[in-house]
Amino acid sequence: MTMWEWISRQMRQYPEQTVGEGTNTLTYAELIREAEARAKSPLPPKIGLYCRSEWNTARALLCCLAAGKPAVPLSARYGELHCRHIVETMELTHLFTDEGGDLQLRCIDEERPDSEPENLAGAAVILCTSGTTGLPKGAMLTDEGLIANLTAIGEYFPLNGSDRILIARPLYHCAVLVGEFLISLIKGVRIRFYGGAFNPSVLVNRLNEEQASVFCGTPTLFHHLSRFAGRGGGVPSLRMAAISGECLTPAVADKMQTAFPQTDFYH
């Protein structure tokens, strides 16, 4: 079974649930129709995802999964040189981008042939490392690997169709793409993306406005959120949170527990 067959089967159980950012929303059923419609068009062997909006990155990712073409997420937050290296190393000829407004497939290299690479067989997503100690390297995630990972996450992270998640980090990161977005889709969660600059007070307000019951981030992010959440009565609707990406110190853990006393934290 392919990743798309598996995840779309889960999504069809919640056809009216929605995913969006700001005033832009689509139901699960509409997302499936969009992805499968784009998948019928001729597509290159692998496709870069370079969108200013994570909402559009999510739509592009589903299109790639539906087409069975490996998606290569990029992040403008890492800078032009970082993205250019990935484009050149992965030999990308096309990008899904929203630079012209709505989501579109753009050719960025007409001279390079779109030959089918044998070494990408079975790859659903190619996630590149951050390049902290060197140049970014592509890690291939297979359909089977993603399904196994999502199944395991679903067994210990009790999401359900009544939950609302606010995603404030880029899908370029595995913890966000798999542990926030994809896991939410298979559990029927209402998904909203926060595309603004990091501002703890604004983010706390947004969590309350969305009545978010699930939120994920790094200890550093929660450290800053705790300062503002504690002053304004916290985020009463937040029942679960997942922490990843850094070491959690006892001092930060204490602040988080004080600011979010009703929240179950998963580390």
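Predicted model: local features only at pLDDT ≥ 70, side-chain atom pairs only at ≥ 80, totals over all residues.

Reply: Residues are numbered from 1 along each chain as its sequence is written, and side-chain values use heavy atoms, with hydrogens and water left out.

Me: Why are both faces of strand β10 called covered?

Reply: Buried means under 20% relative accessible area with a 1.4 Å probe and protein chains only. Arg190 and Arg192 on one side of β10 (residues 190-193), and Ile191 and Phe193 on the other, are all buried, so both faces count as covered.

Me: What makes β9 and β10 a pair?

Reply: Two strands pair if DSSP finds at least two bridges between them, strands being DSSP runs of E with at least two residues. Four bridges join β9 (residues 164-167) to β10, so these parallel strands meet the definition; the bridge partner of Ile167 in β10 is Phe193.

Me: How do you know that β1 also pairs with β10?

Reply: Two bridges join β1 (residues 18-21) to β10, and the definition asks for at least two, so these parallel strands pair as well. Gly20 stands opposite Arg192 in β10.

Me: Why is the unit of β9, α6 and β10 called right-handed?

Reply: β9, α6 and β10 make a right-handed β-α-β unit, which means that, with the strands pointing away from the viewer, the path from the first strand over the helix to the second runs clockwise.

Notes: Buried < 20%, exposed > 50% of the residue type's maximum accessible area, 1.4 Å probe, protein only.
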